[in-house]
Amino acid sequence: MAIDEKAVAALADRTLGPEHKGLPPAAWGRTVREFLAAAPYLDEFETPVLTVDRAAVAANVAVMADWAAAAGMRLAPHGKTTMAPQLWAQQLAAGSWGITLATVWQVQVARAFGVERIVLANSLVDPVGLRWVAKELARDPQFEFLCWVDCVEAVALMDEQLSGDVRIRVVIELGGPHGRTGARTVEQAHAIAEAVGKSERLTLAGVGGYEAALAHDRTPDGIDAVRHYLDELARLHRELAAAGRYPDRAIVTAGGSAYPDLVVECLSGLADEQGAQGVPTTVVLRSGAYIIHDDGFYAGISPLAAPRSERPLRSAMHGWARTVSRPEAELALLDAGKRDLPFDEGLPVPQFVAGPEGPLNPDAHVSALNDQHTFLRLPGGAPTDVPVGSVVRLGLSHPCTAFDKWRLIPVIDDADAERPRVVDLVHTFF
């Protein structure tokens, strides 16, 4: 499924300036292409800086593409993780079925880069957004769009705002107790399907949801909650198909990056794109964080992380922060903070000191982040361990809240290299 490669390539012609955090002033006024032609090294950048490892991204894209294909699943990765068309292009080139997004504004960004198939994993009841989508569908017959509905009120609002001959394909979202959005029972979902069936503006496209809203770990209770939810989603699809609710084909979609194995276990059997067992059905996995992975939350829960997988995902993001103060023997203050690094799913983890200082004491840890500082604790340490001016590489948790802090992210050839070289700059749109 296509993206406008020319629009993506044109990002290299954008001019760099002081709004791009971390870039050296020597880059200002030059285009991305001109700056990269000089083959810069990472140590020429200012700190703090967030980096993406090129080799790890390529490996992660291949791992997930192969894994989904082997399971008979289509992949529509959640683009909100990176909001980076350059990375979406890599995912689509590797065979992704489409791109998932969370807001109509994100959909508009994707359309600006020519993404042809988009799943809006959210209800769309904003009048301005609805009318824009309708016009976009009318303007471009190649554009495929799906969004969610989770109540009959949403169906009524969409009917009220839409006009003309365009019909919007909708996916009934099934939720669960204490979860996020979504109909709370299969019975409520049937009522929504009946309302969609009576609509002159909407077409029922399938069922979907987000299983990770119901658990946050791999305890037996968490796994049971996710499995039960996915079984209910499968039941809803089968009942709708048996009732003749789908006009032609259907999709069943679920999957964050925490439980994709359970999605495959519970839903892959529904995949029947030829319609041999009834309605042609495409099962779509929407995992998004896999392309970057992490050294925190996803490393601890993903079934595709080491050591749970023979071909594991790798963390492709790191923070690099400079020591600006050693006010106490066992404390170093680094120049990165909440404005620069994610902290909602775990604090950064110190990995090593760049240069001759090398490894850190294994007891070293980050205890807190302020807006612009990291508190690095060094039990039994000495000022020579992490001297003022030294740069510490940090492992990070949760790519979604890392990327949104940076307009431009340097891509390096190898995060483990003694002197990483910058080989690209990724633009984000948040």
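Buried means under 20% relative accessible area, exposed means over 50%, and partly exposed lies in between, with a 1.4 Å probe and protein chains only. Helices (H or I, at least four residues) and strands (E, at least two) are DSSP runs numbered from the N terminus. The model is predicted, and local features need pLDDT of at least 70, side-chain atom pairs count only at pLDDT 80 or more, and totals for chains, interfaces and linings use all residues. Residues are numbered from 1 along each chain as its sequence is written, and side-chain values use heavy atoms, with hydrogens and water left out.

**View 1. Helix α10 is mostly covered.** Helix α10 spans residues 260–267, and six of its eight residues are buried. These are Pro260, Leu262, Val263, Val264, Cys266 and Leu267.

View 2. A salt bridge is a side-chain nitrogen of Lys or Arg within 4 Å of a carboxyl oxygen of Asp or Glu. Side chains of opposite charge can pair when their charged atoms come close. Asp261 counts as partly exposed at 22% relative accessibility, and Arg218 counts as partly exposed at 31%.

**View 3. Asp43 forms a salt bridge with Arg419.** The structure holds 18 salt bridges. In the one between Asp43 and Arg419, the closest N and O atoms are 2.7 Å apart. Asp43 lies in the loop between α2 (32–37) and β1 (49–53), and Arg419 in the loop between β17 (408–412) and β18 (422–427), so the pair ties together parts that are 376 residues apart in sequence. Asp43 is partly exposed, with a relative accessible area of 47%. Arg419 is also partly exposed, with a relative accessible area of 42%.

**View 4. Helices α8 and α9 pack at an angle of about 40 degrees.** Helix α8 covers residues 186–198, and its axis is 10 Å from that of α9. Axes are lines fitted to C-alpha atoms, for helices over the stretch in contact, and angles run from 0 to 180 degrees between N-to-C directions. The crossing of α8 and α9 is right-handed; a crossing is right-handed if the near helix is turned clockwise from the far one by less than a right angle, and left-handed if anticlockwise. From α8, Val186, Glu187, Ala189, His190 and Ala193 meet Glu232, Arg235, Leu236, Glu239 and Leu240 of α9. By class, this contact has five nonpolar, one polar and four charged residues. Ala, Val, Leu, Ile, Met, Phe, Trp, Tyr, Cys and Pro count as nonpolar, Asp, Glu, Lys and Arg as charged, and the others, Gly among them, as polar.

**View 5. Arg235 forms a salt bridge with Glu232.** The closest N and O atoms of this pair are 3.0 Å apart. Both residues lie in helix α9, three residues apart, about one turn of the helix. Arg235 counts as partly exposed at 29% relative accessibility, and Glu232 is partly exposed with a relative accessible area of 22%.

**View 6. Helices α5 and α6 pack against each other.** Helix α5 (residues 104–112) and helix α6 (residues 127–139) pack at an angle of about 25 degrees, with their axes 10 Å apart. The two helices are therefore roughly parallel to each other; angles under 35 degrees count as roughly parallel, over 145 as roughly antiparallel, 65 to 115 as roughly perpendicular and the rest as oblique. The crossing of α5 and α6 is left-handed. Val104, Val107, Gln108 and Arg111 in α5 meet Gly129, Trp132, Val133, Glu136 and Arg139 in α6. By class, this contact has four nonpolar, two polar and three charged residues.

**View 7. Glu136 belongs to a network of salt bridges.** The network links Arg111, Glu136, Arg139 and Asp140. Glu136 lies in helix α6 and counts as buried at 9% relative accessibility. Leaving aside neighbours within four places in sequence, Glu136 is in contact with Arg111 and Phe143.

Conventions
Contact means heavy atoms within 4.5 Å.
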